[in-house]
Amino acid sequence: MPLELYLDLHSQPCRSVFIFAKKTNIPFDFKFVDLATGQQYGEDFGKISVVRKVPVMRDGDFILTESVAILKYLAEKFGTSDSDHWYPADLQKRARVNEYLSWQHAAMRAHGSKVFWFRAIVPIITGSDVPKEKMDSAMEDLTLSLKVFEEKFLDNRPFIIGEKISLADLVAIVEIMQPVGTGLDLFENRPTLSAWRDRVKKELGEALFDEAHKTIMDVASLPQTFENNGMLEFLKPKIQKMFN
């Protein structure tokens, strides 16, 4: 049975897994899970994962959730000497990758996702913009995460572990691109971040990068999708919790 990846490219973690599998020529079946229609809550997907989130990987009888775990699994199972840089065998370089992957959950991912929701999703659900003070606070958190990323994790290096791209760079770029998809140019006036983005894009290949991000760069289509499938009412309680 070929490897199966359950994905929706609206999702940053899904994009990282998709890009890595494609870039490293790992054969897989793309199983689309439509988050905008709530397919993850359906009975069929529940048989795949009780977590009800994507990505999910199925390798024969082995099912794995959580994007970081999936990326490490794929890197270790399909890795070669030429692709070692993604998740290096070198102890200290691997530790740098793990350090970033551990930090980003409560920093870059949390803050970038919040800005994305505030700019792209909340106005659809509520019919009005997020209050300015909440948006300003969210942007301050994201700005701080970007500053830490530049000063600590890049620290004047081409990539996080040095001269070569790794899983850490891949996870970082998909998270940063999430709020960019709402029309927010996070690279403007950030030459270090912009130059790093260009290097990452070149290493991944522009065609693959653009293919993976095409969906998130078209979030303007979400309002009509939510209206058509009834997700507006489903999401309202979740949105209200953000402001209570």
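The side chains of E76 and R94 meet in a salt bridge, with an N to O distance of 3.1 Å. Between domain 1 and domain 2 of this predicted model, the count is 1 salt bridge. The protein chain is divided into domain 1, residues 1-83, and domain 2, residues 84-240. The points below describe how the two domains meet.

**Arrangement and extent of the interface**
- A distance of 19 Å separates the C-alpha centres of domain 1 and domain 2.
- On the domain 1 side, 26 residues are in contact with 33 residues of domain 2.
- The two domains bury about 2500 Å² between them, and 68% of this area lies on carbon and sulfur atoms.

**Polar and charged interactions**
- The salt bridge count between the domains is 1.

**The side of domain 1 that touches domain 2**
- Two helices, α1 (12-23) and α3 (67-78), each supply at least two residues of the side of domain 1 that touches domain 2.
- Helix α1 provides the largest share of this side of domain 1, namely 9 residues.
- Sorted by class, the side of domain 1 that touches domain 2 has 11 nonpolar, 9 polar and 6 charged residues.

Terms used: Residues are numbered from 1 along each chain as its sequence is written. This is a predicted model: local features need pLDDT of at least 70, side-chain atom pairs count only at pLDDT 80 or more; totals for chains, interfaces and linings use all residues. Side-chain values use heavy atoms; hydrogens and water are left out. Domain bounds come from an automatic or database domain assignment. Contact means heavy atoms within 4.5 Å. Buried area is the accessible area (1.4 Å probe) that two parts lose on being put together, summed over both. A salt bridge is a side-chain nitrogen of Lys or Arg within 4 Å of a carboxyl oxygen of Asp or Glu. Helices (H or I, at least four residues) and strands (E, at least two) are DSSP runs, numbered from the N terminus. Ala, Val, Leu, Ile, Met, Phe, Trp, Tyr, Cys and Pro count as nonpolar, Asp, Glu, Lys and Arg as charged, and the others, Gly among them, as polar.
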